[in-house]
Amino acid sequence: MARRPFPLLENVTILDAGSEGKAVARVNELVVFVPFAVPGDVVDIQVVAKKKSFYEGKIIRFHQKSERRIDAFCHHFGTCGGCKWQIMPYEDQLKFKQKQVEDAFTRIGKFKFPPISPILGSVRTTYYRNKLEYTFSNRRWLSQDDMQLPIEERNTNALGFHIPQLFDRVLDIDHCYLQPEPSNEIRLSIKKYALEKGLEFFDARTHEGYLRNLLIRNTTIGHLMVILVVNCNEPETLDGIMNHISSSFPAITSLMYVVNEKKNDVITDQVVHLWKGDPFIVEEMPAAIKGETNLNFKIGPISFYQTNPLQAYYLYRTAFEYARLKGNEIVYDLYCGTGTISNFVVAHAAKVVGVEYVESAIDDAHENSVLNGISNTVFYAGDLAKVLNADFVSANGRPDVIITDPPRSGMHEKVIEQMLEISPERIVYVSCNPATQARDIALLDSKYEVLATQPVDMFPHTHHVENVCLLSLRKSSDNIA
Ligand code: SAH
């Protein structure tokens, strides 16, 4: 029996900017997710996939364009997977992020909460990232115009970003608005050199081709790290390209390379070789309180650091203010990564205990305490679901405040159970996913009330939102368990 074609939905009004970067419409009680649509657009939607409780669709005709709609500033918009909200003014993006948090707390959390503070917009809305990873590929994504050219005239090499959901296709980028210069200049110069010298770009299907990835990291104080990832040991070729990068860009403070012979692109398990300069870059962040000494953070080639560094300060400031430290508190920093929050708040606490399961991050955390002359932090590597227990608390002291910053999936139930057991006065919950944050806060609701919530925008032109929430231990008479 022939499969029934997916329906065409006509004259549909787009209602919301959804939480996964797609806009939302509702047709006969069914939710339809549509990319590149703006609330207020009236469109015909071709359904392309049917799931149990929703459709996925694409716009095939506009009846009316939303008054909110603006032109995308980047000409890669629509093909590139990044910056999907460029077609909405920044103020509107912020409104929808704020709404995302409200909706998650209301619909998923169902707990009581006071008014959410207005979202803190990003200091910079373009060139705000400090890290980008580009991919070399001999399977360039071809536009309609490229397709008109005879096959032998098509340049199939690309240095840019993967096309969403297509592991082997790469969009060649000529300008990206995410990272400050010389990020674009470096990428373009390396591509030009590689094409002139006839170097081979990687083929993700056959795993052949010399050039694989290019990582560029920068800091707000002008440090610049470039890591070239190649497929095999070819000393002369490597010499040529590394010397080209080094002489063309004297601003690079840390030039590195990796020989990755594996099938996947992950380099965290590979040796990173230093070609020239320092084996790390340094970022500087103002202290939690004006007038105190700035903090410095060493960032190695595979260390994590918040990707919007100017905004990271406001995120940490909020966490610090919510912690309401007087100086004598024991603070736990759960999911501490490289200990940035621990080191940021510790001047105002008796001690901070950080936990994180990536061992190298714990090494970085410790090193950054030493770098800043801090001696009242301790860091442990381990899975929080296993590490956080009564023994841990008796060894480290009962915390007055717990700051937690879990990954998108939120906290493990066991971690939440332990928090309820430990019952610190305050919990400061930093989250990059309001949906899992709402779920977790609902589990804490028996003992904790929400006192304040502050969304922070770290990723302009995307649907992502960070959210900081202050939870306070209910007085025993208030416990609703
Ligand atoms: N607070 C940090 C970043 C936190 S990102 C900062 O601002 O820089 C979340 C961190 O949780 C990651 O570093 C990840 O490695 C860690 N993580 C994820 N699951 C974990 C678990 N089960 N136990 C401990 N750490 C975990």
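A polar contact here is a pair of N or O atoms within 3.5 Å; within protein, one must be able to donate a hydrogen and the other to accept it, and residues adjacent in sequence count only if both atoms are side-chain atoms. An oxygen atom of the ligand is 3.0 Å from an N or O atom in the side chain of Q306. The backbone takes part as well: a backbone N or O atom of L384 lies 3.0 Å from a nitrogen atom of the ligand, and for Y335 a backbone N or O atom lies 3.4 Å from a ligand nitrogen. The protein covers 85% of the 580 Å² of accessible area that the ligand has on its own (areas come from the Shrake-Rupley method with a 1.4 Å probe, and for residues only the protein chains shown count as cover). In total, 16 residues surround the ligand, a residue being near a molecule or strand if one of its heavy atoms lies within 4 Å of it. The closest are Y316, E356, D383, L384 and D405.

A word on what you are looking at: this is a predicted model, in which local features need pLDDT of at least 70 and side-chain atom pairs count only at pLDDT 80 or more, while totals for chains, interfaces and linings use all residues. Residues are numbered from 1 along each chain as its sequence is written, and side-chain values use heavy atoms, with hydrogens and water left out.

Now to one of the sheets. Seven strands form an open sheet in the order β18-β17-β16-β19-β20-β22-β21, with mixed pairing. Strands are DSSP runs (E, at least two residues), as are helices (H or I, at least four), numbered from the N terminus; two strands pair if DSSP finds at least two bridges between them. At the edges are β18 (377–381) and β21 (448–456), each pairing on one side only. From one strand to the next, the twist averages 15°; axes are lines fitted to C-alpha atoms, for helices over the stretch in contact, and angles run from 0 to 180 degrees between N-to-C directions. Within this sheet, β19 (residues 401–404) and β20 (residues 426–431) run parallel and are joined by 4 bridges, and I402 stands opposite I427 in β20. Helix α1 (residues 90–109) packs on the sheet, touching β21 and β22 (466–473), where contact means heavy atoms within 4.5 Å. The direction of α1 makes about 160° with that of β21. Helix α7 (residues 359–371) also packs on the sheet, touching β17 (351–356) and β18, and its direction makes about 170° with that of β18.

Another open sheet of 7 strands has the order β9-β8-β7-β10-β11-β12-β13, again with mixed pairing. Its edge strands, β9 (166–172) and β13 (273–277), each pair on one side only, and the twist averages 30° from one strand to the next. Strands β10 (residues 211–218) and β11 (residues 224–230) run antiparallel, joined by 7 bridges; in β11, V226 is the bridge partner of I216. Helix α3 (residues 183–197) packs on this sheet, touching β7 (131–137), β8 (158–163), β9, β10 and β11, and its direction makes about 160° with that of β10. Helix α4 (residues 235–248) touches β10, β11, β12 (254–259) and β13, at about 155° to the direction of β12.

Two backbone details deserve a stop. Most residues other than glycine have a negative phi, and most peptide bonds are trans. The peptide bond from E181 to P182 is cis, with omega near 15°, and P182 is found in the loop between β9 and α3. F36, in the loop between β4 and β5 (42–50), has a positive phi near 60°.
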